[in-house]
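Here is a short note for someone opening this entry for the first time. Please read the points with the model in view.

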Amino acid sequence: MKKRTKIILTTFAIVYGVASLALQAFRNHMDNEVIHYLVATRDYKNEDLYKVYTQIGKAPVVSTTVIFADEPNVRYFYRKEKDRIYQYNMSPVKVTDPNYTYKHIEEPLP
């Protein structure tokens with residue numbers, strides 16, 4: 001293999017590794033911010049949260065999903081905008097009852 005090809009492949013591997021680490025650090029940071037919001041502002045305990053994970057997608061660009069321990073079949077979606085975290089949607093994992101009452105729904109902010 002030519003020296004130039006090795007340099008290009010090595011550079012690509014380093015850039016990919018750094019980008020992956022930065023992305024994971026960002027996801028962890030968002031997870032922690034949403035957890036802090038729920039614990040400090042909404043008076044939940046860490047034990048109330050079954051799973052929290054951040055995804056990067058199309059719209060909204062960054063979304064953090066929260067599954068509560070007492071409601072494991074429902075996902076609540078949070079996002080951060082202008083230093084404000086808010087719940088923007090919720091969804092059952094499987095739609096079984098169209099009249100389902102969500103336990104952790106938040107009132108929309110003005």
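1. Start with a side-chain pair. The side chains of Ser-63 and Tyr-88 make a polar contact at 2.8 Å. Such a contact is a pair of N or O atoms within 3.5 Å; within protein, one must be able to donate a hydrogen and the other to accept it, and residues adjacent in sequence count only if both atoms are side-chain atoms.

2. A caution on the source. The model is predicted: local features need pLDDT of at least 70, side-chain atom pairs count only at pLDDT 80 or more, and totals for chains, interfaces and linings use all residues. Numbering runs from 1 along each chain as its sequence is written, and side-chain values use heavy atoms, with hydrogens and water left out.

3. Now the setting of Ser-63. This residue sits in strand 2, residues 62–68. Strands are DSSP runs of E, at least two residues; helices are runs of H or I, at least four; both are numbered from the N terminus. Ser-63 is buried, with a relative accessible area of 9%. Buried means under 20% (1.4 Å probe, protein chains only).

4. Its neighbours. Leaving out residues up to four places away in sequence, Ser-63 touches Tyr-53, Thr-54, Gln-55, Phe-77, Tyr-78 and Tyr-88. Touching means heavy atoms within 4.5 Å.

5. The whole chain. The protein has one helix and four strands, in the order α-β-β-β-β. The C-alpha trace spans about 65 × 30 × 30 Å along its principal axes. Of the 110 residues, 26% count as buried.

Note on methods. Buried < 20%, exposed > 50% of the residue type's maximum accessible area, 1.4 Å probe, protein only.
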